Structure formats: C-alpha cells, structure tokens
Amino acid sequence: MKKIEAIIKPFKLDDIREALTELGVNGMTVTEVKGFGRQKGHTELYRGAEYMVDFLPKAKVEIIVNDDLVEKCVETIIEVARTGKIGDGKIFVSNIERAVRIRTGEEGSDAV
C-alpha cells in the first residue's frame with residue numbers, strides 16, 4: 001500500500017474528489033493548509049496599504065491505495081489539478097507499512 005499526499009489549489013478539491021472516486025478510491029482525508037514554494041507568496045492591497053502574504057492557502061489531500069492503483073491516481077491528480085500556473089502544487093508518494101481499522105481490528109487492504 002502507498003500513501004499519496006497532494007498539495008493543491010483549494011478550488012480544485014471537488015474535481016479531484018470526483019475523479020478519484022471514479023477510480024475506486026473510497027476514502028480520503030482533506031486538510032486546509034498554508035504554505036509557499038517557489039512563488040514565495042505575493043503582495044496584496046488592503047485599504048490603501050500594501051502587505052505581503054507569505055503563506056498561501058492550499059488543500060492537502062491524503063489517500064491510501066493499493067500499489068496497483070498508485071500511478072493512475074497520481075496521473076489523475078496531475079491532470080485534474082494542473083492549471084499551468086505557478087502554485088499548482090506537489091504530490092508525494094510514500095510506503096505504508098501497516099494499516100489497522102480501529103473499530104474492527106482489520107489490517108492491511110481490508111482496513112483501508
């Protein structure tokens with residue numbers, strides 16, 4: 001099993017959820033996060049004063065999938081989340097050593 005973490009623009013979240021559901025992903029965790037990458041934030045004008053916004057709002061999507069579904073999920077996230085502009089986000093894939101469903105005690109793929 002693998003964990004896929006995607007940091008995306010918040011307005012792309014619903015589209016990604018729908019696309020991953022169509023692939024058979026039956027659960028995900030979403031967190032509102034803030035951060036910056038190469039864009040280093042931006043300046044905004046508020047009531048005549050200019051100020052720097054260092055951390056931009058993003059959404060973090062976390063899913064656990066079987067190894068055979070990883071590439072299709074990554075490709076789908078890239079396809080759906082890409083706007084072609086700076087700040088589209090990042091995807092990280094890591095191994096999951098063990099998964100346990102607390103309620104039933106099921107482990108591995110059955111727990112996901």
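A nonpolar core is a set of buried Ala, Val, Leu, Ile, Met, Phe, Trp, Tyr and Cys residues joined through side-chain atoms within 4.5 Å. Buried means under 20% relative accessible area and exposed over 50%, with partly exposed in between (1.4 Å probe, protein chains only). The views below show a predicted model, in which local features need pLDDT of at least 70, side-chain atom pairs count only at pLDDT 80 or more, and totals for chains, interfaces and linings use all residues. Residues are numbered from 1 along each chain as its sequence is written, and side-chain values use heavy atoms, with hydrogens and water left out.

**View 1. The chain has two helices and six strands.** Helices (H or I, at least four residues) and strands (E, at least two) are DSSP runs, numbered from the N terminus. Along the sequence these elements follow the pattern β-α-β-β-β-β-α-β. The chain has 112 residues, of which 29% count as buried. Where contact means heavy atoms within 4.5 Å, 70% of the contacts between residues at least 6 apart in sequence join residues at least 24 apart.

**View 2. The largest nonpolar core has 17 residues.** Ile4, Ile8, Ile16, Leu20, Ile63, Val65 and Cys73 have the most contacts inside this core. Two or more residues come from each of β1, α1, β5 and α2. The largest share, six residues, is given by α2. Leaving aside neighbours within four places in sequence, Ile4 is in contact with residues including Val61, Ile63, Val65, Cys73, Ile77 and Phe92.

**View 3. Helix α1 (residues 13-23) has the buried residues Ile16, Ala19 and Leu20.** Seen down the axis of α1, these residues fall within an arc of 95°, so they line one face of the helix; the arc is that of the directions from the helix axis to the C-beta atoms. They pack against β1 (2-8), β5 (56-65) and α2 (70-81). On the face turned away from the buried side, α1 carries the exposed residues Asp14 and Glu22. Gly24, with a positive phi near 105°, follows the helix.

**View 4. An open sheet is formed by four strands in the order β2-β5-β1-β6, with antiparallel pairing.** Its edge strands, β2 (29-35) and β6 (89-95), each pair on one side only. The twist averages 20° from one strand to the next. Two strands pair if DSSP finds at least two bridges between them; β2 and β5, which run antiparallel, are joined by seven. Axes are lines fitted to C-alpha atoms, for helices over the stretch in contact, and angles run from 0 to 180 degrees between N-to-C directions.

**View 5. Asp88 lies in the loop between α2 and β6.** Asp88 is buried, because its relative accessible area is 16%. Its side chain makes a polar contact with the side chain of Thr83 (2.4 Å). A polar contact is a pair of N or O atoms within 3.5 Å; within protein, one must be able to donate a hydrogen and the other to accept it, and residues adjacent in sequence count only if both atoms are side-chain atoms. The Asp88 side chain also reaches the backbone nitrogen of Gly84 at 2.9 Å. Neighbours within four places in sequence aside, the residues in contact with Asp88 are Ile7, Ile8, Lys9, Ala81, Arg82 and Thr83.
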